[in-house]
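Thanks for coming. I will keep this short and go through surface patches, backbone angles and salt bridges.

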Amino acid sequence: MRRRFALAAALPALVSLAAMALVADRLARRALEDELSARLVAAAKAGAAALPAERVAGLGAGDERTRTYGHVRARLAAVAKATGTRLFVVRADRTALADSAGTIRIGEPVLALERDRVEIAEAARGRAVASQVLFEGSDGRLYKTGYAPLADGAGDVVAVVGADGTAASFQTLRRFRRLLATFAVGGAVLGALVAALAALSVTRPLTRITEAARRIAHGDLETPLWRRRRRDEIGTLRDTLEEMRKALHARDEEREVLLAGIAHEVRNPLGALDLFAGLLAEELAQRPEAAHVARIRQELAALSKVVEEFLDYARARPPVREDVDLSLLVAEVADLAQPLAAARNVSLGVEGAGRARADREQLRRAVVNLVRNAVEAAPAASEVEVTARADAHGAVVEVRDRGAGLGAQARASLFRPFFTTKERGTGLGLALAKKVADAHGGTLVLEDRDGGGTVARLALPAAA
């Protein structure tokens with residue numbers, strides 16, 4: 001997001017800067033070319049006006065040493081010096097007649113003029129024109145050529161006079177381009193830096209708000225948000241999130257008070273009932289009514305279990321992480337589940353290694369619920385396997401049984417509170433285990449086991 005925000009902020013500015021630089025360069029170059037074209041055409045016209053057309057037309061190969069050629073060349077040199085150009089005279093077929101520097105031979109084709117054959121043909125028809133092509137001379141400068149017709153007394157064009165020249169402004173234009181490129185690169189870097197800082201100023205608090213929202217979603221309502229320093233929409237979002245956290249925290253405190261009241265008002269009578277049922281059982285020992293008292297005590301134990309599981313699920317306490325020895329944890333869970341396993345003729349196999357950063361009490365309750373579910377689902381004379389291992393990525397606890405597996409309807413509602421397929425189940429065991437996994441940022445999945453049965457896998461990530 002930060003990169004996209006920076007790109008979205010910087011790209012329009014960079015594109016606008018590049019477009020402005022391109023337009024400025026094109027306009028400056030066009031203005032310089034037009035000014036140079038007009039000056040070169042004027043120089044070519046001046047050269048044509050200074051030359052005797054009949055004598056120039058009469059020049060032939062080998063006339064370089066004649067007085068006529070010398071006279072023509074001298075006039076070209078004078079005009080060239082006065083205009084700051086190089087003048088030359090060619091026929092319409094682009095063969096040379098004379099030049100101000102005396103470097104070309106009469107009758108030789110001037111190959112360099114192929115680039116201007118259209119303009120030379122236009123001048124041969126009597127119209128002064130400038131070339132459309134800039135070329136680079138041996139000195140590294142940019143040159144252009146202007147052409148003018150050389151006509152005799154009858155008005156017939158006998159040759160074409162060309163004027164090569166450059167403008168000092170082209171050097172200025174090159175320096176301007178380099179300066180423009182420097183400013184463009186500097187502006188791009190500066191724009192990217194400003195955009196990055198702007199992105200940081202927005203995305204960093206958004207990241208902090210996201211982390212705070214994630215903590216709240218995982219049940220941490222104790223940690224307040226940072227003190228507000230901004231007066232914009234992000235500051236308003238922070239205040240709204242903090243108000244929500246305080247409201248949820250107040251609601252949880254009220255719920256804790258309510259749960260404490262329920263625990264007191266329900267547990268005390270249950271304890272008294274169990275006490276008097278025990279006394280009644282002693283008095284009715286060896287009598288037929290003793291079976292009814294035993295049934296009452298079983299129902300009281302089941303009701304106490306429901307109350308305990310309900311209170312455990314309803315409490316919204318964030319995990320308090322500590323080092324947990326997984327081998328000791330699974331051994332303790334096996335001891336707690338052993339009476340139920342013995343009653344159902346199911347054996348327990350446990351194996352644990354490594355340490356995990358987790359809330360020990362919450363993790364123990366979650367694993368106990370998974371093992372009890374597995375024992376209740378396992379057939380008689382089978383084994384429930386409990387393994388726990390840890391590595392650099394986190395901890396994984398697996399509970400495997402050989403029960404009937406999961407049906408499609410059960411799989412869709414596994415972790416829904418109060419959903420159960422057992423006759424006397426509360427439907428809170430798996431929901432509580434899933435809640436513990438979520439609070440630790442982990443996962444709980446139930447899968448079919450090869451050969452029949454179910455694998456419950458509780459995975460907790462390594463805590464930062």
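What follows is a walk through selected residues of this model.

First, the conventions. This is a predicted model, in which local features need pLDDT of at least 70 and side-chain atom pairs count only at pLDDT 80 or more, while totals for chains, interfaces and linings use all residues. Residues are numbered from 1 along each chain as its sequence is written, and side-chain values use heavy atoms, with hydrogens and water left out.

Let me start with the surface. A patch here is made of residues with over 30% relative accessible area and no salt bridge, joining like charges within 9 Å, or nonpolar side chains (Val, Leu, Ile, Met, Phe, Trp, Tyr) within 5 Å. Areas are computed by the Shrake-Rupley method with a 1.4 Å probe, and for residues only the protein chains shown count as cover. For charges, Lys and Arg count as positive and Asp and Glu as negative, with His and the chain ends not counted. Each charge is placed at NZ of Lys, CZ of Arg, CG of Asp or CD of Glu.

Which residues form the negative surface patch? They are Glu222, Glu253, Glu254 and Glu256. Of these, Glu254 sits in helix H6, residues 233-283. Helices (H or I, at least four residues) and strands (E, at least two) are DSSP runs, numbered from the N terminus. Glu254 has a relative accessible area of 57% and is therefore exposed; the classes are buried under 20%, exposed over 50%, and partly exposed in between, with a 1.4 Å probe and protein chains only.

There is also a nonpolar patch on the surface, formed by Leu190, Leu193, Val194 and Leu197, with about 400 Å² of accessible area together. Leu193 belongs to helix H5, residues 168-217.

Back to H6, which also holds Glu242. Is Glu242 buried or exposed? Its relative accessible area is 7%, so Glu242 is buried. Leaving out residues up to four places away in sequence, Glu242 touches Pro224 and Leu225, where contact means heavy atoms within 4.5 Å.

Next, backbone angles. Gln286 is not a glycine, yet has a positive phi near 70 degrees. Gln286 is in the loop between H6 and helix H7 (290-314), and is exposed at 83% relative accessible area. Arg94, also not a glycine, has a positive phi of about 65 degrees. Arg94 is located in the loop between strand S1 (86-90) and strand S2 (96-99), and counts as buried because its relative accessibility is 18%.

That brings me to salt bridges, defined as a side-chain nitrogen of Lys or Arg within 4 Å of a carboxyl oxygen of Asp or Glu. How many does the structure hold? The count is 22 salt bridges. In one of them, Arg94 pairs with Glu114 at 3.3 Å, N to O. This pair links distant parts of the chain, 20 residues apart, with Glu114 in the loop between S2 and helix H4 (117-124). Glu114 is partly exposed, at 34% relative accessible area.

Asp239 and Arg238 form another, with the closest N and O atoms 2.8 Å apart, and both residues are buried.

Finally, Glu361 and Arg365 meet at 3.0 Å, N to O. Both are in helix H9 (residues 360-377), 4 residues apart, or about one turn of the helix. Salt bridges with shared partners also join Glu385, Glu398, Arg400, Glu447, Arg449 and Arg457 into one network.
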